[in-house]
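Please look over the sequence and the 3D structure shown here, and then follow the paragraphs below, which go through them step by step.

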Amino acid sequence: MSGLTRAFDRAGTAAVIDVSLVAERVVKSMIDATPVPVWQFTDPDGTGPGDLTSGLVVLEGDTINVTVHNDLDRPVNFVVPGAFSGTPTVAPGNSRLYSFPAPAAGSYFYSDDANGEITRAMGLSGPLIVMPAESSNTLYTGGPSFDQQYTLVLHELDDRLNEAIDTGQLFAMADFEPNYFFANGLSYPDTAGDSDTLVSMNQGEDIALRLINAGVITNPMHFHGYHVEVATRNRVPETAVVDKDTVLVNREECVDVILPVLQEGAFPLHTHFVPGVTANGVYVNPFGGALIIMRAV
């Protein structure tokens with residue numbers, strides 16, 4: 001399962017999934033070598049796609065038990081927008097168990113909502129993919145089928161916000177102007193060297209791309225070389241399916257698309273928000289930011 005590196009062994013169809021996540025502060029090196037403090041959920045027993053430190057794939061019918069240990073300087077909780085909310089917080093230095101049934105098949109992300117948008121701006125999130133119990137190659141029961149699937153988590157940061165929050169200052173989200181951009185925690189050219197984020201395809205295949213916007217801005221994602229069909233938005237099937245070369249992914253939105261591979265070659269996939277392919281406003285390597293390469297043979 002491309003782009004999902006934390007699956008679980010199971011004895012039967014439904015399973016009890018036990019996972020531990022640590023909410024922690026680390027210093028992340030940007031693509032231009034700038035160090036920036038970030039928050040992240042770290043899975044001591046696995047990773048997420050790309051440079052993400054957690055990410056889960058489960059089946060409908062599973063019971064998900066997530067133990068969160070909080071190493072941050074403030075209370076946080078664990079929520080899955082659209083599936084699991086209204087949860088209590090866990091104090092710094094403590095742990096709490098969050099248990100919930102796997103929701104309907106589709107793409108989700110988990111985060112904290114006790115601290116508002118600051119949480120996602122700091123990077124505290126991870127992907128959750130729920131597969132239909134009856135099938136390993138459809139988006140949902142009776143839904144579109146695919147030959148391969150990739151999970152692409154979109155996120156951005158404003159290093160002024162991160163530095164302010166890290167030093168105990170306030171930051172107004174109205175002043176948020178991101179200057180670093182990521183796909184699966186990576187910026188180009190690192191996206192092109194990562195097997196989870198480089199979309200490798202074969203001509204004639206149908207590829208499912210799970211575009212998960214865990215950030216705080218909207219991303220109009222533009223495909224070069226291919227058109228895609230939007231299958232679902234936040235797990236709701238599209239009723240009017242048309243070929244598109246640009247797909248709007250609103251903040252806190254998960255958009256699943258099917259890409260028919262009709263030609264060979266290497267083509268970029270990127271946001272049409274122009275700063276999104278830069279690093280701190282500069283084109284490097286020769287680009288930067290959340291630029292993804294799709295390569296078909």
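A cavity, on a 1 Å grid over the protein atoms alone, is a set of points where a 1.4 Å probe fits but cannot get out, and its lining residues have an atom within 4 Å of a point. Grid points are joined across faces, edges and corners, and a volume is the space filled by probe spheres set on the points. This is a predicted model, in which local features need pLDDT of at least 70 and side-chain atom pairs count only at pLDDT 80 or more, while totals for chains, interfaces and linings use all residues. Residues are numbered from 1 along each chain as its sequence is written, and side-chain values use heavy atoms, with hydrogens and water left out.

By this rule there is 1 cavity of 30 Å³ or more, and the largest cavity has a volume of about 40 Å³. Its lining is made up of Leu154, His155, Phe181, Phe182, Asn219, Thr271, Gly276 and Ala290. Strand 8 (148–157) and strand 9 (180–183) are the elements that give two or more residues to this lining, where strands are DSSP runs of E, at least two residues long, numbered from the N terminus.

Turn now to strand 19 (residues 292–296), in which 4 of the 5 residues are buried, meaning under 20% relative accessible area with a 1.4 Å probe and protein chains only. Two strands pair if DSSP finds at least two bridges between them. Strand 10 (residues 199–201) runs parallel to strand 19 and is joined to it by 3 bridges, with Met201 having Ala296 as its bridge partner. Strand 18 (residues 265–271) pairs with strand 19 in the antiparallel sense over 5 bridges, and here Ala266 stands opposite Arg295.

Note on methods
Buried < 20%, exposed > 50% of the residue type's maximum accessible area, 1.4 Å probe, protein only. 1 Å grid on protein atoms, 1.4 Å probe; cavity = no way out; pocket = protein on both sides within 12 Å on 5 of 7 lines; lining within 4 Å.
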